[in-house]
Amino acid sequence: MYYLISILHSPLQPLTYTYEEELKSGNIVEVTLSSKTKLGVVIAKTTKPEFTCSDIVSVKDEFFDETTFGLAKFISEYYVSSLGDALNLFVPLRKNALHVNQKVQTNIELSPEQQKAYEFLKSHDKSLLFGDTGSGKTEVYIKLIEECINSGKSAIFLMPEIGLTPQTKKRLKNAFGDTVAIWHSKVTKKKKEEILKALNCGKIALIAGTRSALFLPVSNLGLIVVDEEHDDSYKSSQRPRYNARDLALLFAKRKDAKVVLGSATPSLTSYKNLPKYRLKGTYFSSTKAIYFEHANNELSNPMIDKIAEHLKKENQVIVFLPTRANFKYISCQVCGEKVLCPFCSVGMSLHVNKNALKCHYCNYAQSIPKECPSCHSTHMQSNRIGTEEVTQRLRVLFPEKNIEKFDRDEVSTQNKLTKKLKAFNEKQIDVLVGTQMLAKGHDYHSVSLSIIIGIDTILNMPDFRARERAMSLLLQVAGRSGRKGLGEVYIQTQNRDFFEEFFNDYEAFLNDELRYRKDIYPPYKKLLKILVSHAKDEKANQIMQEVEQITKSFPLVEVVGYGKANVEKIAGKYRYNMLLRSNDAKELLKFAHTCKPLHVEIDIDPLSFS
């Protein structure tokens with residue numbers, strides 16, 4: 001008999017193999033491809049081809065069921081990838097899986113307002129919990145999960161990044177004990193195998209983790225919670241370029257489960273499209289005072305005075321800025337040129353402690369030049385202050401205090417992250433200086449001051465989501481101070497009017513943004529990004545011209561613009577972008593699939609245009 005086999009984690013179309021016994025769609029098999037053993041999935045039986053086929057080597061115990069198969073086909077079609085790449089996202093089922101039959105009691109008492117939120121979310125198949133930072137969203141989630149498990153079903157709790165797991169893991173473990181398992185990319189292979197065995201035996205009722213947790217073989221699924229649903233890390237940057245938040249809505253529908261999205265700063269799409277409950281205020285009584293400074297990207301004297309005031313009271317401070325290293329780049333005071341990476345068209349970041357300039361795109365590093373590579377002037381200056389520089393300066397200003405850095409250079413492992421957060425919450429650290437990692441939903445118990453530097457950098461990005469990103473990030477960072485008692489927020493910006501107008505009313509901002517987006521951008525229009533990347537500039541340009549020719553056959557698809565990408569070259573490859581939009585999602589996808597043979601990168605519902 002002959003079967004079409006989709007090779008897992010492969011861009012190839014299904015290949016034909018032969019086997020002597022009857023196989024079902026979804027069976028996982030071992031096959032040989034180019035002298036290597038690969039895993040593949042049986043798609044369907046087929047007729048004998050004209051060519052000689054290789055044999056299927058063996059049939060595995062694992063398999064994909066019909067629902068999973070259908071979801072993978074959707075991902076393959078919608079996100080324009082091979083079926084093998086889509087199926088590779090999923091962890092297969094094992095034979096003789098048992099349903100969950102656990103009972104849990106969390107002993108959490110909801111406030112009257114939280115109880116109303118709980119009842120609302122319970123009464124909808126899909127919904128949005130729009131709750132202020134500190135309003136007690138997690139307690140509502142836990143009650144929903146408790147109800148789900150006690151009805152004999154399983155639940156999935158999604159978080160945007162591993163960074164959120166230490167504290168959330170503790171809260172979920174306290175609530176659900178051994179019935180919860182934590183899943184993300186840093187979990188060891190051995191531990192993952194243990195979790196999968198426990199899942200198969202019905203011992204695990206709740207899987208909590210990053211976006212990959214969505215693809216586990218959870219039987220009898222009753223609920224999916226997507227926490228911090230606004231976060232961009234739910235979107236995959238590799239093929240298939242799926243968004244786990246969007247897929248959670250689809251998975252829940254196909255598996256007859258409920259789905260709850262939650263955030264203090266929900267995405268515009270979720271706000272517009274889902275039934276929502278607005279949970280206001282904070283779980284603990286707190287008040288906030290806001291200070292604005294008309295400046296950008298600097299550690300000013302008024303800011304230092306404000307930090308000193310809080311440190312004198314033995315309080316903790318967090319300082320946010322969007323840039324790592326000492327400075328974003330260095331440039332020449334004579335000719336104005338930046339020192340660029342030789343492989344990427346970006347300025348390299350200054351790391352003083354390593355005596356190096358480093359490219360944050362391809363990781364190329366070189367020693368700090370003593371003169372300008374363009375005009376050979378020795379008058380070089382640093383631009384756009386970074387976390388390392390702020391940390392070092394604060395250590396000089398407050399030598400008796402413990403000032404620590406919190407970014408991807410410093411917190412490179414799960415263990416380091418857990419230690420750093422633990423030390424901060426135990427008040428062993430006085431000031432935490434970090435990038436967007438600071439805003440990722442961590443609970444800081446004793447922070448009385450949030451400092452925000454460089455928010456204008458995000459607001460001024462050439463991107464239709466720049467206002468939403470900047471406003472959301474500012475409120476997420478601001479929300480980390482004053483969780484209990486008085487909190488102050490110090491914002492350095494040249495756009496005070498914008499941030500001040502919406503600081504206390506994100507809902508007003510969302511409604512304003514909806515008016516601005518009408519008829520041109522999501523959630524009213526569908527977007528598609530085509531990225532061309534090639535070692536030769538002229539070849540990349542030629543492929544983009546071919547894509548542009550294809551657009552002429554699709555009158556319902558509008559070209560917003562195309563040309564060289566914002567970052568023209570990364571790792572030695574030249575890059576061109578095209579952005580397209582349409583009211584008709586099917587037509588946009590048809591166009592994308594037409595472009596696929598040109599070996600371009602296709603991104604439906606893109607979040608970034610850099």
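This is a predicted model: local features need pLDDT of at least 70, side-chain atom pairs count only at pLDDT 80 or more; totals for chains, interfaces and linings use all residues.
The protein holds 17 helices and 28 strands. Its radius of gyration is 26 Å, close to the 25 Å that the globule rule gives for 610 residues, so the protein is as compact as a globular protein of that length.

**Overall build**

- Along the principal axes, the C-alpha trace spans about 80 × 65 × 45 Å.
- Of the 610 residues, 54% count as buried.
- The accessible surface of the protein comes to about 27600 Å², and carbon and sulfur atoms hold 48% of that area.
- If you look at contacts with a separation of 6 or more, residues 24 or more positions apart account for 75% of them.

- Strand β10 covers residues 206-209, and its residues are all buried.
- Leu206 and Ala208 point one way from β10, while Ile207 and Gly209 point the other way. In a regular strand the side chains alternate between the two faces of the sheet.
- Strand β8 (residues 154-158) runs parallel to β10, and four bridges join the two. Within this pairing, Ala155 has Leu206 as its bridge partner.
- Strand β9 (residues 180-183) also pairs with β10 in the parallel sense, over four bridges. Here Ile182 stands opposite Ala208.
- A right-handed β-α-β unit is made by β9, helix α6 (residues 189-200) and β10.

**The nonpolar cores**

- The largest nonpolar core has 108 residues, and Ile207, Ile224 and Phe591 touch the most other members. Helix α13 (residues 466-478) gives the most to this core, with seven residues.
- Ile207 belongs to strand β10, and the residues it touches include Ala155, Ile156 and Phe157. Ala181 and Trp183 are also among the residues that Ile207 touches.
- Further contacts of Ile207 include Ile195 and Leu199, together with Ala213, Leu216 and Val218. This list of contacts leaves out residues up to four places away in sequence.
- A second, separate core has 31 residues, among them Ala117, Tyr118, Tyr277 and Leu279.

**A six-stranded open sheet**

- Six strands make an open sheet with mixed pairing, in the order β5-β2-β1-β4-β3-β6. The edges are taken by β5 (54-55) and β6 (58-63), each with a single partner strand, so one side of each is left without a neighbour in the sheet.
- Strands of a sheet pair through backbone hydrogen bonds, either parallel or antiparallel.
- Strand β1 (residues 2-7) and strand β2 (residues 15-18) run antiparallel, joined by four bridges. One place to look is Tyr2, whose bridge partner in β2 is Thr18.

**Gly454, a buried loop residue**

- Gly454 lies in the loop between β23 (447-452) and α12 (455-459).
- With a relative accessible area of 0%, Gly454 is buried, because the cut-off for that class is under 20%.
- Leaving aside neighbours within four places in sequence, Gly454 is in contact with Asn296, Asn297, Pro322 and Gln492.
- Gly454 and Arg384 sit 70 residues apart in sequence, and their C-alpha atoms are 8.3 Å apart in space.

Terms used
Residues are numbered from 1 along each chain as its sequence is written. Side-chain values use heavy atoms; hydrogens and water are left out. Buried means under 20% relative accessible area, exposed over 50%, partly exposed in between (1.4 Å probe, protein chains only). Two strands pair if DSSP finds at least two bridges between them. A crossover is right-handed if, with the strands pointing away from the viewer, the path from the first strand over the helix to the second runs clockwise. A nonpolar core is a set of buried Ala, Val, Leu, Ile, Met, Phe, Trp, Tyr and Cys residues joined through side-chain atoms within 4.5 Å. Contact means heavy atoms within 4.5 Å. The radius of gyration is taken over C-alpha atoms; the globule rule is 2.2 Å times the number of residues to the power 0.38. Accessible areas come from the Shrake-Rupley method with a 1.4 Å probe; for residues, only the protein chains shown count as cover.
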